[in-house]
Amino acid sequence: MFKKLAEQLKANARTIVFTEGTDARILEAADKLTTEGILGVILLGKADEVKSAAKEAGFNIEKCQIIDPEQYAEIDAMVDEMVTLRKGKMTPEQVREALSKSNYFGTMLVKMGKADCLLGGATYSTADTVRPALQLIKTKPGNKIVSSCFIMVKGDKKLAMGDCAINITPNEEELVEIAHETANCARIFGLEPEVAFLSYSTFGSGSGETVDKMRNAAEMTKKAYPELPIAGELQFDAAVSPRVARTKCPNDPVAGHANTFIFPDINAGNIGYKIAQRLGNFEAYGPILLGLNAPVNDLSRGCNAAEVYSMAIITAALA
């Protein structure tokens, strides 16, 4: 999967900004990405500290651009732009203070077209990545929320799962948006989506508020996106097992071989992808943030350099 994406990126140059330019994991990934010619890289931090950290760890960042937010030549224009974007919610002084932090500064580089995408969060929380993106890059036209998905990979088998990381208890309208964005993301990674809205019920075998929510969301998504193969509500076994599907829902064209799963809430989603990862031996790539005007993604604070490298390619592929 990554080899194909990397070749596509080599042919269509993108620049990614890393907010934590002195982190050894970031530096290792930046070295590999630029050496292989996959991406242009911007590292944020004080130039001497970034170069010193790279030298000490033995990484080559000669092809990377280093930007110190406190020494940025165009900071006044950036302040003015961010004041306008915040629409009176922040004073110029407050904006200047925010831009001294790499998460806000990096997000503004993307907003102002200096970079195509951003990857951060190796040393800070998801909220510190998502908040500036929501305030500055904002959601795409027609989208009301930011959501997320995981791409799960085992050999040649790929699955998409959403939303496992952002929306705690999405309502029916939000589930429609989550399903559409997750399906679009699946296509980027070579997966033709067949979408199952998951529940503890299959076509009315159970009852309850969440059953109704998933059934209604599935029907709403079918009407909004008639070209998208959708089934729901489905139990997981009916969604993935042809034998079970023949018994529980024999006439449904998606049941039995779904590959894109929409969960009723973050509890189910988070548990589901981690079961697939830990017991099913799938590699989990994400959370991939969806619905923004430009790609911004979050790293786990426990990530390694290989995961930074993979997430950088994923993030750039969304640009």
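Helices (H or I, at least four residues) and strands (E, at least two) are DSSP runs, numbered from the N terminus. On that basis the protein has 13 helices and eleven strands. The model is a predicted one, in which local features need pLDDT of at least 70 and side-chain atom pairs count only at pLDDT 80 or more, while totals for chains, interfaces and linings use all residues. Residues are numbered from 1 along each chain as its sequence is written, and side-chain values use heavy atoms, with hydrogens and water left out.

**Overall dimensions**

The radius of gyration of the protein is 21 Å, close to the 20 Å that the globule rule gives for 319 residues, so the protein is as compact as a globular protein of that length. This radius is taken over C-alpha atoms, and the globule rule is 2.2 Å times the number of residues to the power 0.38. The C-alpha trace spans about 65 × 45 × 30 Å along its principal axes. Of the 319 residues, 54% are buried; buried means under 20% relative accessible area, exposed over 50%, and partly exposed in between (1.4 Å probe, protein chains only). Contact means heavy atoms within 4.5 Å. Among contacts between residues at least 6 apart in sequence, 71% join residues at least 24 apart.

**Two helix pairs**

Axes are lines fitted to C-alpha atoms, for helices over the stretch in contact, and angles run from 0 to 180 degrees between N-to-C directions.

| Pair | Residues | Angle | Axis separation |
|---|---|---|---|
| α6 and α7 | 102-111 and 126-137 | about 40° | 9 Å |
| α8 and α9 | 172-188 and 209-224 | about 55° | 9 Å |

Angles under 35 degrees count as roughly parallel, over 145 as roughly antiparallel, 65 to 115 as roughly perpendicular and the rest as oblique. Helices α6 and α7 are therefore oblique to each other, and α8 and α9 are likewise oblique. A crossing is left-handed if the near helix is turned anticlockwise from the far one by less than a right angle, and right-handed if clockwise.

The crossing of α6 and α7 is right-handed. On the α6 side the contact is made by N103, Y104, T107, M108, V110 and K111, and on the α7 side by D128, R131, P132, A133, Q135, L136 and I137. By class, this contact has seven nonpolar, three polar and three charged residues. Here Ala, Val, Leu, Ile, Met, Phe, Trp, Tyr, Cys and Pro count as nonpolar, Asp, Glu, Lys and Arg as charged, and the others, Gly among them, as polar.

Helix α8 also passes α9 in a right-handed crossing. Residues E172, E173, L175, V176 and A179 of α8 meet D212, K213, M214, N216, A217, M220 and T221 of α9. The classes in this contact are six nonpolar, two polar and four charged residues.

**Backbone exceptions**

Most residues other than glycine have a negative phi, and most peptide bonds are trans. The bond from G232 to E233 is cis, with omega near 5°, and E233 is placed in strand β8 (residues 230-234). The bond from G286 to P287 is cis, also with omega near 5°; P287 lies in strand β10 (residues 283-290).

Residue K87 has a positive phi, near 50°. K87 lies in the loop between α4 (75-86) and α5 (92-98) and is exposed, with a relative accessible area of 67%. Residue N281 has a positive phi, near 60°. N281 is in the loop between α12 (266-278) and β10, and is exposed at a relative accessible area of 56%.
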